[in-house]
Amino acid sequence: MPVSLDTIVSLCKRRGFVFPGSEIYGGLANSWDYGPLGHLLKQNIKNAWWKFFVQEREDMVPLDAAIIMNPRVWEASGHLENFSDELVECKKCHHRFRIDHLLEAKGITPKYDKEQVKVPAEVTCPDCDGKLTEPKAFNLMLKTFLGTTEDSSTTVYLRPETAGSMFINFKNIQSVTRRRLPFGIAQIGKCFRNEITTGNFIFRTREFEIAEFEYFIHPNDWEKVFEMWLGEIKRWWRDIMQVDMDNLVWHEIPDGERAHYSKRTVDVEYKYPFGVKELHGIAYRTDFDLSRHEKVSGQDLHYTDPETNEKFLPHVIEPSFGIDRMLLVALLEAYYEEDAPTSEEGETEKRVVMKFPKHLAPYQVAVLPLSKKEELAKVSKPLAQELRQHFMVDYDETQSIGKRYRRQDEIGTPYCITVDFDSLEDKKVTVRDRDTMKQERIAIKNVVEYLKDKYNN
Ligand code: ATP
């Protein structure tokens, strides 16, 4: 049976993956803090993404741009004018909702052209059934002020995506790296949107992280490059994130529902416990962004092909991934409940195990001395220290060994190493595999190599 969101939320809190933000002050509007394990998991997802989409390719360069940029960036991109959702308010309880979400819940497809959205009579307030106002545009940009005065001349915005900074740095990057098309600029960073309704845990928050790249191409190549990236994205989900591909839905956005500048967009959706919803997307954005920045900045952003001397504005394919949604998917995919044997006589008990792909697990190995006795610590502590040179290591010497195994299963540690009294004699330790629960005796001097082998396969 698929795991419920509540089960994941409570495991996350209990084990230290994700805590409610500002909890001792009663929280803050669906904000979340990644605890020790959540941080490690997120870092591993970001590293894997970076390795797959940037490091292992010859056609990608990195960027780490400012979160706050000149507001004209957002004027050019259209965010100041158009980055809004249509909001309706309940006339009775005054709760506010996105009309597209309410329509979607009733199976009505909202049109992209939001001007046309009307509230049908059967759509009422989901909280109190009250009547709703007609929709009005609500801009999602989060504002702040730079400097000591607070007025329109000092108003700036926290970026709602990272793409803008990649377009405005295109010319700089292309000239200093002497890149020829096609090439991409990649970035991972925090983004902010003043969402009307947040919720479903870390699925929709006002502060979140995006990993994305702008891939600059000759306009004639867009169809084949789009296909190439779709193939790579499938490989990412199948081989690196190792998700059940049946849980993904590849939603080709039809004509009339795409942004006006996009000739093709595919939303990659996931079957979450709260419904099939967007996980991330890939869009062909034509030369919309560079042409807008050229117009508003007055700078020439054209590219000249060194072989043909053709001068043109590059077109762009943009795959964009929400890190927090990928982390949520990693948690949902990893969760298993199994009956595990507790004795030779066939008795069993329920074990919860997070079967993360090994390279994503927060800790790669745990060192568990059988008891707190000094003589065992003399072996287990230096072993843990040696392992720390290669892996993230958890060290735990409290409670019974059975409970400690259960804890490591629940946080997804692929290998547990037990140091017992025999270890003092035979200089060996027991290595337990998270998924099979099989145990092997390995010589202490070979443990690092043994684990490195496991991680390389
Ligand atoms: P949605 O339709 O769910 O609001 P979107 O189409 O506005 O998403 P994009 O603008 O394409 O999203 O943003 C790129 C990616 O960033 C999304 O696919 C998603 O993974 C992530 N993302 C967007 N908004 C949020 C949010 N409020 N909280 C968490 N992740 C988000």
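Student: Which strand gives the most to the shell around the ligand?

Tutor: S13, with three residues. Keep in mind that this is a predicted model. S13 spans 275–284.

Student: How many residues surround the ligand, and which are the closest?

Tutor: There are 14 residues around the ligand. The closest are Glu195, Arg204, Thr205, Glu278 and Leu279.

Student: What is the make-up of that shell by class?

Tutor: Sort the residues into nonpolar, polar and charged. Here the shell has six charged, four polar and four nonpolar residues.

Student: Which polar side-chain atoms lie by the ligand, and at what distance?

Tutor: Look for N or O pairs within 3.5 Å. Arg193 places a polar side-chain atom 2.9 Å from a ligand oxygen. Glu195 has a polar side-chain atom 2.7 Å from a ligand nitrogen.

Student: Which residue has a polar backbone atom 3.4 Å from a nitrogen atom of the ligand?

Tutor: That is Phe203. As for cover, the ligand on its own has 600 Å² of accessible area, and the protein covers 81% of that.

Student: Now the surface. Which residues make the nonpolar surface patch?

Tutor: Ile67, Ile68 and Leu146 make a nonpolar patch of about 220 Å². Leu146 sits in the loop between strand S7 (142–145) and strand S8 (155–158).

Student: Where does Ser22 lie?

Tutor: Ser22 is in the loop between strand S1 (18–20) and strand S2 (32–34). Ser22 is partly exposed, at 35% relative accessible area. Also compare sequence and space: Ser22 and Glu56 are 34 residues apart in sequence, and their C-alpha atoms are 39 Å apart.

Student: How should I read the buried residues of a helix?

Tutor: Use the helical repeat. An α-helix has 3.6 residues a turn, so residues three or four places apart point the same way.

Student: Which residues of helix H12 are buried?

Tutor: H12 covers residues 401–411. Its buried residues are Arg404, Tyr405, Gln408, Asp409, Glu410 and Ile411.

Student: Which residue follows H12, and is its phi positive or negative?

Tutor: Gly412 follows H12. The phi of Gly412 is positive, near 85 degrees.

Terms used. Residues numbered from 1 in each chain as written. Predicted model: local features only at pLDDT ≥ 70, side-chain atom pairs only at ≥ 80, totals over all residues. Heavy atoms only, no water. Near = heavy atom within 4 Å. Polar contact = N/O pair within 3.5 Å; in protein donor to acceptor, adjacent residues only side chain to side chain. Areas by Shrake-Rupley, 256 points an atom, 1.4 Å probe, with all protein chains shown as cover. Helix = DSSP H or I, 4+ residues; strand = E, 2+ residues; numbered from the N terminus. Nonpolar A, V, L, I, M, F, W, Y, C, P; charged D, E, K, R; others polar. Patch = residues over 30% accessible without salt bridge, like charges linked within 9 Å, V, L, I, M, F, W, Y side chains within 5 Å. Salt bridge = Lys/Arg side-chain N within 4 Å of Asp/Glu carboxyl O. Buried < 20%, exposed > 50% of the residue type's maximum accessible area, 1.4 Å probe, protein only.
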